[in-house]
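Please look at the sequence and the structure below before reading on.

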Amino acid sequence: SIHSSRHKSSQQSRTRREKDRESAMDAFLALLGDEIQDSSEETFTLFSQSHSTQDLGMLDPTAASVDITIGSRDFTITQSPGLLQSSREGGTTGAAVWRTSIFLAKWLDSTNNPLFAQGIIDASSTMMELGSGISGLTAGVLAPKIARVVATDQSYALKLLRQNIDSNQPTSRKKSAVPACQIDTLSLDWEQDDVPSFLSLHNLAIGVDILLASDCVYNYALIEPFVNVCAEICRIRKGTEHNGEQAERPTLCIIAQQLRQPDVFEQWLEGFMGRFRVWRVPDDSLGRDVDKGSGFCIHVGVLR
């Protein structure tokens, strides 16, 4: 009977955790407002009120390094102008800092960021990023606040990405009791790699709390592989059940973009909405430091 009462209490505490998780998720989604129902309407809304741009959106692609301030921290990011000019098959767009990654990092760092304010992510969370490029800004901003950051891109970007993450780590004189965040930089090719194998190989078999991507959709060819890889990663959490209950909260997929071509954007959103329920982060949840209405947006997806 001692055994059965222990079992019962562990079940009860798990059920309580489930309920807390669910209510945090509900509160977070409620904060975002109405779910998007129509991709062409959302495209029209965004592109009619915002300054969409024809430029590619890199900060300064010819500079060997760029200085960026996020909140109270200064980052110096080494770039690779030579790699950017090279004719590498598969592209080299990740070899420079993109403005959207600064926009996303500022939002993640903002004081009342709803992900932290609503308890969606905390010190125990794992975040994975797709198409990280070389800046390491997202990793730099989140590492002090969560347990694990997994930054992914094609292998050509990883050496510089690791270098930028390491060189911009905040130095602490006193040894703090807080365990350091585990930061991994891993090669992931959306079209070639098998996602479940990749995840289990890197100790991510129970999925991730947050999947982030910044400016990963800038041409038609990328849309399908990108949406597929997002859905595959998020599906892991759909499948993990414990005694018939979902063991982990669903993965939140967060996509930041610069508004360039309405047709590409609409086709991405249509494909994404086919697999995910989708919301847009409203201006009043973007935080003070984020330039609102400046041609950037953040969408949040929950796998259907």
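## Basis of the model

The model is predicted: local features need pLDDT of at least 70, side-chain atom pairs count only at pLDDT 80 or more, and totals for chains, interfaces and linings use all residues. Residues are numbered from 1 along each chain as its sequence is written, and side-chain values use heavy atoms, with hydrogens and water left out.

## Nonpolar cores

A nonpolar core is a set of buried Ala, Val, Leu, Ile, Met, Phe, Trp, Tyr and Cys residues joined through side-chain atoms within 4.5 Å. Buried means under 20% relative accessible area, exposed over 50%, and partly exposed in between (1.4 Å probe, protein chains only).

The largest nonpolar core holds 52 residues, and W107, L115, I210, L252 and I298 have the most contacts inside it. Apart from it lies another core of 41 residues, with L222, I223, C253 and V264 among them.

Contact means heavy atoms within 4.5 Å. Neighbours within four places in sequence aside, the contacts of L252 include M25, F28, L115, I210 and V302.

## S135

S135 sits in the loop between β3 (126–130) and α6 (137–142); helices (H or I, at least four residues) and strands (E, at least two) are DSSP runs, numbered from the N terminus. S135 counts as buried because its relative accessibility is 7%. Its side chain reaches the backbone nitrogen of L137 at 3.2 Å.

## L158

L158 belongs to helix α7 (residues 155–167). With a relative accessible area of 15%, L158 is buried. L158 and L186 are 28 residues apart in sequence, and their C-alpha atoms are 7.1 Å apart in space.

How values were computed. Polar contact = N/O pair within 3.5 Å; in protein donor to acceptor, adjacent residues only side chain to side chain.
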